[in-house]
Amino acid sequence: MRAYLSRRYRFSAAHRLHSDAYSEEKNWETYGKCNNPHGHGHNYVVEVTAGGRVDAQTGMVCDMVKLDEAVQKNIVSRFDHANLNLDEGFRDVVPTTENLCIEIHRKLSSVFVSGALGRVDLVRVRVEETKNNSFEYSGN
Amino acid sequence: MAIEANRTAEASVKGTMILLTRRADFSAAHYYWNDAWSANENERVFGKCSNRNGHGHNYTLEVTVEGEIDPVSGFVVDLKALKDIIEREVVQVYDHRHLNLEVPEFERMIPTTENIAIAIWKRLDGKISGARLHRVRVYEMPDLFADYMGEV
């Protein structure tokens, strides 16, 4: 039977929403206070959902220790207490939480596809920027 | 005017599927152990969850049902009835119990969060009149939860 396991992780990071393609006025009009040149930050929550068959021997969809290690290594250690604008993943795109969600999905997807977590797939990445806004990406 | 407004409301909800979620809590003990394996293997796979003295959690259950809105009542499902079904079928059986030792479905099935979600689905499926079970979500902790949506 197919079931889904979700786990939540946290990191705190700085960012500034700014597009070089826009004028100063247009940036301010588009991003408002998020365009503050000095940046600001959030306590992000990342919810990772893995889907797969429940293993008859273990009763589990995936090895949670391995999932924790993979997210810690590839996501939390990369973004925690960092400035997202300086991260290589945001050299060409604005570190909105939409793009952050896609970047996290892209990175974790390669870990899932490699088979390191067993026969389980990445179903969804959900990122909460604040407790009032969250973004989801399930791949295309 | 009032009758006309009612008719419009009726027309707008007919055939519209809506999801409704009800939450419930239970606290229970469990441990992870596969009888087919050695003690060492159990410890290797399940870590501290394999401690045979058991440990426990405050579980939160979310039951999501799907159905059409009744044009007269405006409800998808009778909330009180849904609450009573969850209470009778799940909470009374699981709450303040040792899942491995006191709940029949876990005599031969390890009470992982995934299996608890599946077991709760089986307990509730077909018992909620007027709506179809859409998802059973079980939180073992606020940062860990399993979903089962009836897939084989």
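Predicted model: local features only at pLDDT ≥ 70, side-chain atom pairs only at ≥ 80, totals over all residues.
Which residues in α3(B) meet which residues in α5(B)?

Residues are numbered from 1 along each chain as its sequence is written, while chains are lettered from A and ligands numbered from 1 in the order in which they are written.

Let me now take up the opening question. In α3(B), the residues concerned are Ile85(B), Glu89(B) and Val90(B), and they meet Ile120(B), Arg123(B) and Leu124(B) of α5(B). Helices (H or I, at least four residues) and strands (E, at least two) are DSSP runs, numbered from the N terminus. The residues of this helix contact comprise 4 nonpolar, no polar and 2 charged. Here Ala, Val, Leu, Ile, Met, Phe, Trp, Tyr, Cys and Pro count as nonpolar, Asp, Glu, Lys and Arg as charged, and the others, Gly among them, as polar.

As for geometry, two packed helices are described by the angle between their axes and the distance between the axes. Helix α3(B), residues 79-94, packs with α5(B) at an angle of about 125 degrees, and their axes are 10 Å apart. That angle makes α3(B) oblique to α5(B). Axes are lines fitted to C-alpha atoms, for helices over the stretch in contact, and angles run from 0 to 180 degrees between N-to-C directions. Angles under 35 degrees count as roughly parallel, over 145 as roughly antiparallel, 65 to 115 as roughly perpendicular and the rest as oblique. The crossing of α3(B) and α5(B) is right-handed; a crossing is left-handed if the near helix is turned anticlockwise from the far one by less than a right angle, and right-handed if clockwise.

I turn next to the contact between the chains. Chain B contributes 17 residues to the contact and chain A contributes 14 residues. On the side of chain B that touches chain A, the elements giving two or more residues are α5 (113-124) and β5 (144-148) of chain B. The largest share of that side, 5 residues, comes from β5(B). By type, the residues of the side of chain B that touches chain A are 10 nonpolar, 3 polar and 4 charged.

Strand β1 of chain A, residues 2-15, runs antiparallel to β5(B) and is joined to β5(B) by 5 bridges. Two strands pair if DSSP finds at least two bridges between them. Leu5(A) has Ala146(B) as its bridge partner in β5(B).

Let us now consider chain A by itself. Chain A contains 3 helices and 5 strands, in the order β-α-β-α-β-α-β-β along the sequence. Its C-alpha atoms fill a box of roughly 60 × 25 × 25 Å, taken along the principal axes. Chain A has 140 residues, of which 30% count as buried. A residue is buried if 20 or more other C-beta atoms lie within 10 Å of its own, exposed if 12 or fewer, and partly exposed in between, with C-beta atoms placed from the backbone.

Towards the end of the pattern, β4(A), residues 121-130, and β5(A), residues 133-137, run antiparallel and are joined by 5 bridges. A hairpin of 2 residues connects β4(A) to β5(A). Within this pair, Arg126(A) has Glu136(A) as its bridge partner in β5(A).

Arg126(A) leads us to another residue. Leaving aside neighbours within four places in sequence, Glu47(A) is in contact with Ser6(A), Arg8(A) and Arg126(A). Glu47(A) lies in β2(A), residues 40-53. Because 17 other C-beta atoms lie within 10 Å, Glu47(A) is partly exposed. Arg7(A) is 40 residues from Glu47(A) in sequence, yet the two are 5.6 Å apart in space, C-alpha to C-alpha.

I close with one histidine from each chain. His81(A) is in the loop between α2 (64-79) and β3 (82-83) of chain A, and His96(B) is in the loop between α3 and β3 (97-98) of chain B. Phi of His81(A) is near 55 degrees, a positive value in a residue other than glycine. For His96(B), phi is likewise near 55 degrees. His81(A) is exposed, with 10 other C-beta atoms within 10 Å, and His96(B) is exposed, with 12.

How values were computed. Contact = placed C-beta atoms within 7 Å.
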